[in-house]
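Please look over the sequence and the structure shown here. A short report follows them.

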Amino acid sequence: MTGTIPPFSGFGLGLRKEHHEAFLTAPQPVDFVEVISENFMACGGRPLATLEAVRERYPVILHGVSMSLGADQEPDRAYLAELKTLARRIDPLWVSDHLCWTGFGGHNSHDLLPVPYTAEALARCIRNLTIAQDALERPLLIENPSSYVRFPDSTLTEWQFLAELSASTGCYLLLDVNNVFVSSVNHGFDPLEFLSGIPTGRVRQIHLAGHSQGPEGMLIDTHDAPVPDPVWQLYASAVDHLGPVATMIERDDQVPPLADLLAELAQARCLAERVPA
């Protein structure tokens with residue numbers, strides 16, 4: 001698979017149904033919106049009509065949660081065909097998914113399950129991502145998920161794994177800064193080492209979100225709270241390291257009024273503007 005995704009440095013929101021009407025009835029101060037791909041695949045009807053109406057007004061990113069690139073079996077060809085049809089219809093800025101596996105034997109767990117950072121898992125992810133990119137006829141962005149367990153047989157760090165995956169497949173990276181922070185606390189690594197270890201020229205998007213405190217101090221990537229101060233501080237370091245990158249506020253639960261999310265997006269713009277071009 002060959003192909004490039006030009007840099008794009010706007011600011012956007014994860015568009016959820018609570019705010020569809022606001023985006024369709026008045027201009028909003030965003031440069032793009034991101035939607036969950038699976039919510040619009042093979043559904044047609046009002047959801048797809050709404051997405052097409054939004055697309056007439058804003059650039060759209062398709063963000064998936066079910067490609068299961070870390071699974072033993074190859075990606076589902078029917079799933080890829082449906083996603084390709086949606087991408088042709090919407091003409092997104094890009095298509096993204098996660099470094100994880102989500103099911104087995106046709107069963108979808110609806111969770112982003114962790115991948116061991118081994119040579120064997122890397123080869124499996126390279127195979128599956130190559131199949132997906134060839135089927136979709138475009139390079140993908142791959143997001144680092146939050147994780148809550150570590151595999152004792154891992155021989156690579158997460159950032160080394162992502163760098164190898166990108167070098168081998170030509171994929172780009174979606175850097176979720178909240179996920180870096182959550183995993184760094186849960187596993188005790190330096191988040192700045194993560195930022196220094198990823199290939200900066202391959203990062204095309206940043207996600208910002210909040211998290212919750214779980215049992216015994218573990219952080220959980222719940223997407224149900226405002227971006228907390230430690231994540232803002234890490235975002236400032238990321239922008240300083242990467243330069244201008246498309247940045248988005250992501251909220252999936254306890255979705256607040258649109259004005260609250262736009263205020264967070266304004267804070268991201270302010271932080272990014274402080275970084276010398």
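The report below goes from the overall shape to the helices, aromatic rings, charged pairs and surface.

## Basis of the report

This is a predicted model, in which local features need pLDDT of at least 70 and side-chain atom pairs count only at pLDDT 80 or more, while totals for chains, interfaces and linings use all residues. Residues are numbered from 1 along each chain as its sequence is written, and side-chain values use heavy atoms, with hydrogens and water left out.

## Overall shape

The protein contains 9 helices and 12 strands. Helices (H or I, at least four residues) and strands (E, at least two) are DSSP runs, numbered from the N terminus. Along the principal axes, the C-alpha trace spans about 55 × 40 × 40 Å.

Of the 277 residues, 53% are buried. Buried means under 20% relative accessible area, exposed means over 50%, and partly exposed lies in between (1.4 Å probe, protein chains only). The accessible surface comes to about 12,300 Å², and carbon and sulfur atoms hold 53% of that surface. Accessible areas come from the Shrake-Rupley method with a 1.4 Å probe; for residues, only the protein chains shown count as cover. Among contacts with a separation of 6 or more, 78% are between residues 24 or more positions apart. A contact means heavy atoms within 4.5 Å.

## A covered helix

How many residues of helix α6 (residues 177-187) are buried? The count is 10 of 11, and the helix is mostly covered. The buried residues of α6 include V177, F181 and H187. The cover over the buried residues of α6 includes the strands β7, β8 (172-176), β9 (203-208) and β11. Helices α7 (191-197) and α8 are also among the elements that cover them.

## Aromatic rings

A pair of aromatic rings is described by the distance of the centres and the angle of the planes. Rings of Phe, Tyr and Trp (its six-membered ring) pair if their centres lie within 6.5 Å; planes under 30 degrees apart count as stacked, over 60 as edge-to-face and the rest as tilted. The structure holds 8 aromatic pairs. One of them joins F189 and F194, and this pair is stacked because the centres are 6.3 Å apart and the planes meet at 25°. F194 is buried, at 1% relative accessibility.

W232 and Y235 form an edge-to-face pair, with 6.3 Å centre to centre and 70° between the planes. Both belong to helix α8 (residues 229-242), where they are 3 residues apart and so separated by about one helical turn. W232 is buried at 6% relative accessible area, and Y235 is buried at 0%. Elsewhere, F8, F32 and W94 form one aromatic cluster.

## Salt bridges

Side chains of opposite charge can pair when their charged atoms come close. A salt bridge is a side-chain nitrogen of Lys or Arg within 4 Å of a carboxyl oxygen of Asp or Glu. The whole structure has 9 salt bridges. In one of them, E74 meets R77 at 3.4 Å, N to O. E74 is partly exposed, with a relative accessible area of 41%.

Which residues are linked in a network of salt bridges? They are K84, R88 and E137. The bridge between E137 and K84 has an N to O distance of 2.8 Å. This pair links distant parts of the chain, 53 residues apart: E137 is in the loop between α4 (119-136) and β7, and K84 is in helix α3 (residues 77-90). E137 also meets R88, at 3.3 Å, N to O. R88 lies in helix α3 too, so this pair ties together parts 49 residues apart in sequence. E137 is exposed at 52% relative accessibility, and R88 is exposed at 62%.

## Surface points

Y148 lies in the loop between β7 (141-143) and α5 (158-169) and is partly exposed, at 31% relative accessibility. Y148, V149 and F151 make a nonpolar surface patch of about 240 Å². Patches are made of residues with over 30% relative accessible area and no salt bridge: like charges are joined within 9 Å, nonpolar side chains (Val, Leu, Ile, Met, Phe, Trp, Tyr) within 5 Å.

E216 is in the loop between β10 (212-213) and β11 (219-220). E216 is exposed, with a relative accessible area of 85%. The C-alpha atoms of E216 and L122 are separated by 31 Å, and the two residues are 94 residues apart along the chain.
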